[in-house]
Amino acid sequence: MFQLSGLSFRYPDMDKSVLKQLHLSIGEGEFILLTGPSGCGKTTLLRLLTYVLRPNGTLAGEIFYKNQPIHLWSDKELTEEIGFISQYPEEQMVMPTVMQELVFGLENHGLSTAEMRKRVAELGHYFKIEDLLNKKTNALSGGEQQLVHLLSVLLLRPKVLILDEPTSQLDPVHATLVFQMLEQLHHDLGMTIIIAEHRYATLLRMCDRVFMLDEGTVCFTGNSREFLYQLAQSQDLRYDAYLPDIAHLYIKKTKQPVNNDIPLTVNEGRVWLKRVLPMGRRLQKPKQQIKQTEQIVSLNDVTFYHSKNEPSILNRLSLTVYKGDFYAIIGGNASGKTTLIEICLGIKKPKRGRLELFQQQLNKKTLERIGYLPQQPQAFFMYDTVEKEMQSMLNNNNEEIMIQMAKHFHIEHLLHQHPFDCSYGEMQRIVLACLLLRQPDLLFLDEPTKGLDPFAKDELGRYLTALHKKGLTIVMVSHDIDFVAQYSERVGLLFDGEITADGATKTILQDNSFYTTDINRAARGTALSHVLTVEEALQAWPEK
Amino acid sequence: MSEQGFLSIHPFVQLIYYLLISVTLFHINHPIFIGTSFLLLFTIVWIQDKGETAKKRLLHILLLMGLIILFNPLFVSRGRYILFYLGERQITLEALIYGISLAFMIGGMLLLFISFQHVLHGQRFLYLFANLLPRTALLIMIALRFVPLLMYRLETIRAVHRVRRSNTTPIKTAMFQMQTLITWSLEEAIKTADSMKARGYGNQKRTMYTPYRMEKRDWVVIMLLTLLFLLFFLGSMLGYGNIYIYPQLGTLRFYPLDWVMYIIMIPLYLMPLLIERSTN
Amino acid sequence: MKRFDLETLLEIAIFAGFAMVIDLFPSFKPNPSISISFAMVPIFIIAFRRGFLAASISGFLWGILQIATGDAWILTPTQAFIEYFIAFTCIGFAGLFSNLIKSSLKDKKRGATFVWIVIATFIGSVARYFWHFVAGVIFFKNYAIEAGKTPVIFSLTMNGMTFLGASILCAIILVLLINKAPQLITNTSERRQQAA
Ligand SMILES: Nc1ncnc2c1ncn2[C@@H]1O[C@H](COP(=O)(O)OP(=O)(O)OP(=O)(O)O)[C@@H](O)[C@H]1O
Ligand SMILES: Nc1ncnc2c1ncn2[C@@H]1O[C@H](COP(=O)(O)OP(=O)(O)OP(=O)(O)O)[C@@H](O)[C@H]1O
Ligand SMILES: [Mg+2]
Ligand SMILES: [Mg+2]
């Protein structure tokens, strides 16, 4: 399908090339996984492959599509054959309602109304989105937007599907659904699929080849097992973070790992663990008392709806966060997590019920003690360089601290760039760095790991833990169960407008089927059935 | 579509209804006819949006009507029957009647447009509009999405800014917020353009998805409307439903054919409510 | 509209939507027919950014949007046509000054920039409110009052006051905004090139 020969690319205002001399070829019907650190050029590469969306800049080398230089194809042919799913679903919406959005591409391709109806009915049924069709696109939750965007492209029935982090905002259930569908498209229809992902554990089972980019070149490539093996063999410790948990555990615990034996799926992991570990009893769930200190956030019987004739989004919800908590809110797409945070900040007003922050009504003083990372980091930016953004957050013109913070979040090379020119993960880190410069007492994070690569995620987690140890209270919304399991102390599950389960992370996450980690799922029935993360597993590993 | 009754019929039929009614309004001036149309339209508006806009705008409308009834005789002194003199000016019965009939006509028009906007807005309006100017209609749809989106964003930006900068003046803060919103939206224009291109916008002539289909019911309604309208129109051409006002007030008497017209008028105007009844 | 690239078309739509949003804010309303708001600001921004034609389309969209969302105040078809189709489109006249404003911005002549902004705002507002004035006159003339200068005077005072209030407010906001963020007018792609 695609052939790149010596492809290099440089953005106009950068002194370094983003892509350097790439040589690779992708066959028809292949399922390709692309990964690599945030800012390594995945999005840039994918956009070059679509060609219609190629970014401005200097391009060297050639791209061939079906053995013809890609620039010889017309835009019409390319858009009919190649579907592109972007990293920013909220910016891909064009029309006011979901139905109009879904058929937008079909209208461009000149299909008849009957044909459009048929296609929408078929796919809509698969994803059970009938309820969404008449909704306004701007009233969708982050995950719903991502789903709608995905569908709007799938409806076009492209031959090649290029996906840029399509599940970053989906809950585990929906993410699984999307991956399953990709597998089906690949198997049954022979669609060529190229997908960039940071959370790729599930994808390894289905993809034919993996490419890992770093610094603009391919650093590892091969089929899934070869790729994992190379990662494991590499001396660079950064790459450890890229190993999926089960594979990571396997490599740590096997003296001489052989590339063919690396477990890829939960199932293979379970087989391996059953073999090497003694049987375990079902442990009594540890009762962990929540330490009740000073109340920082307290919501009492809060009810919220957008209009009276729609069902309530939050329904008599009560929640207390204590000083020093690291509280994670999990729950399905559209369950109202973002709404909950927006209520805490006064962006949305509760229809009934009471809200107190720092044991006071919401006011200017309390807001000053809060840091807030919105689900869309763009809301934060007001200057034309990252440096100015950071300077404005300084309390006492102490640039030293700023530089340190920038170094810490690996954004020092971006200081002179326009914030909107940064990659998604970079934006996320810039906002975090800015927030922390203010030294808030309370931090609200809406999907902080969205768009972060595994390494940056680990660093963020460690950094948050350190701050948390120093007394920072953190309230976080996340779909990334691994992250939640590893770093948060307390978890609340939001369902049906209420916090239906609330307690210590361990207690809540164990024994779920979706809302738990791969390790936990694989280790069921063994002596490690209580562990959630690799570190815990390593610690609890029974020594012979 | 979950809408029922008049809202669920084809927009084209709805448009026909409003066009026909606005024509009839211009072609009657008998106070009883025009007064009745006002009442009928008022009923429709009231039932359609459960009195919400009607309540808000009714006061305006009544005020305007009152003004017209008051001012017409004050400024116009044509007519035979002189009621009284106000200083130099003669106040005539004709001018008063004309004012009343005019007031009800304008009032009726206003109500009709309230109902029009209630029924034919958003997607339905744009569907009709798109038949005229497809490219503009698409732009409007795109703009329409931005209205709630920008509001929501402004709220988010405000919250984020409340948290991030507390030490500037309100005006400066407002400027910052505007600036962020505009910059963000402009960046977004680039990305939305990409999204449209990626899905094949501009490569060939677009078709348009139409959620509306002309069904048998719609044709029946069109026939009924046209039939009633033609009868009514014929009557008004023959002078029924109308009175002579200037130069001298004619008779207000109802002839048999006036009665026929009056009876035709009622189902013509109340078509939306009749449809509502018959579909429930 | 073929003359515009997609990005410009989207900007046109965005700014029309933006004007709608500002219109929904509480504004200064001493009486029902006078409402002084700064809703025209977005149309002026696109006028300065992209010139006459883009701004006219944007204004045109704004007018239709008001009808489409049921926000319009329609009395008669003629009045609706004049007030919602023609008047809003005419704000675009401010775009005639686009090049002057941009070039004085480029030369860093602050004073000149602001003078041009004020003049452009003024012209755009005059063009718009002239039509509101006409609509008012026609409305009163046709229906209510047959003779005399009353309709002219009435319409003139109503629209004149709104015009003055709105244009002064817009001019102040535009000057403040563009002083702070001139990049809103010099367009995005130019910004990218400057940085290079
Ligand atoms: N329009 C642009 N102008 C200048 N530099 C850009 C532009 N877009 C991206 N970059 C830079 O190019 C590099 C690669 O960006 P890209 O978006 O391809 O990264 P990515 O691998 O997709 O990252 P992420 O995982 O965070 O999405 C980044 O360092 C980014 O700052
Ligand atoms: N402005 C709005 N008007 C109407 N409904 C809205 C609006 N904003 C959000 N909603 C609805 O409220 C529900 C909750 O949205 P919210 O953004 O809080 O979900 P979420 O839990 O954050 O989901 P996600 O994980 O997908 O981001 C969704 O069903 C969404 O469609
Ligand atoms: Mg990317
Ligand atoms: Mg959310």
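**Helix contacts, cavities and domains**

Mentor: In chain B, residues P11(B), F12(B), Q14(B) and L15(B) of α1(B) meet R124(B), Y127(B) and L128(B) of α5(B), where contact means heavy atoms within 4.5 Å. This is a predicted model, in which local features need pLDDT of at least 70 and side-chain atom pairs count only at pLDDT 80 or more, while totals for chains, interfaces and linings use all residues. Residues are numbered from 1 along each chain as its sequence is written, chains are lettered from A in the order in which they are written, and side-chain values use heavy atoms, with hydrogens and water left out.

Trainee: Why is α1(B) called roughly perpendicular to α5(B)?
Mentor: The axes of α1 (residues 11–26) and α5 (residues 123–132) of chain B come within 10 Å and cross at roughly 85°. Because angles of 65 to 115 degrees count as roughly perpendicular, α1(B) is roughly perpendicular to α5(B).

Trainee: At what angle do the axes of α2 and α5 of chain C cross?
Mentor: The axes of α2 (residues 41–50) and α5 (residues 98–106) of chain C cross at roughly 75° and come within 7 Å, so α2(C) too is roughly perpendicular to α5(C). The residues that make this contact are A47(C), F48(C) and R49(C) of α2(C) with S98(C), I101(C) and K102(C) of α5(C), and they divide into 3 nonpolar, 1 polar and 2 charged.

Trainee: How many cavities of 30 Å³ or more does the structure hold?
Mentor: The structure holds 12 of them, a cavity being a set of points, on a 1 Å grid over the protein atoms alone, where a 1.4 Å probe fits but cannot get out. The largest has about 130 Å³ of space, and its lining of 16 residues includes H198(A) and R199(A), which are among those nearest its centre. The lining residues, which have an atom within 4 Å of a point, divide into 2 nonpolar, 6 polar and 8 charged.

Trainee: Which domains of chain A does that lining draw on?
Mentor: At least three residues come from each of domain 1 (2–222) and domain 2 (293–369 + 441–505) of chain A, with bounds taken from an automatic or database domain assignment. The C-alpha centres of these two domains lie 32 Å apart.

Key: Axes fitted to C-alpha atoms, helices over the stretch in contact; angles between N-to-C directions. Helix = DSSP H or I, 4+ residues; strand = E, 2+ residues; numbered from the N terminus. Parallel < 35°, antiparallel > 145°, perpendicular 65-115°, else oblique. Nonpolar A, V, L, I, M, F, W, Y, C, P; charged D, E, K, R; others polar. 1 Å grid on protein atoms, 1.4 Å probe; cavity = no way out; pocket = protein on both sides within 12 Å on 5 of 7 lines; lining within 4 Å. Points joined across faces, edges and corners; volume = space filled by probe spheres on them.
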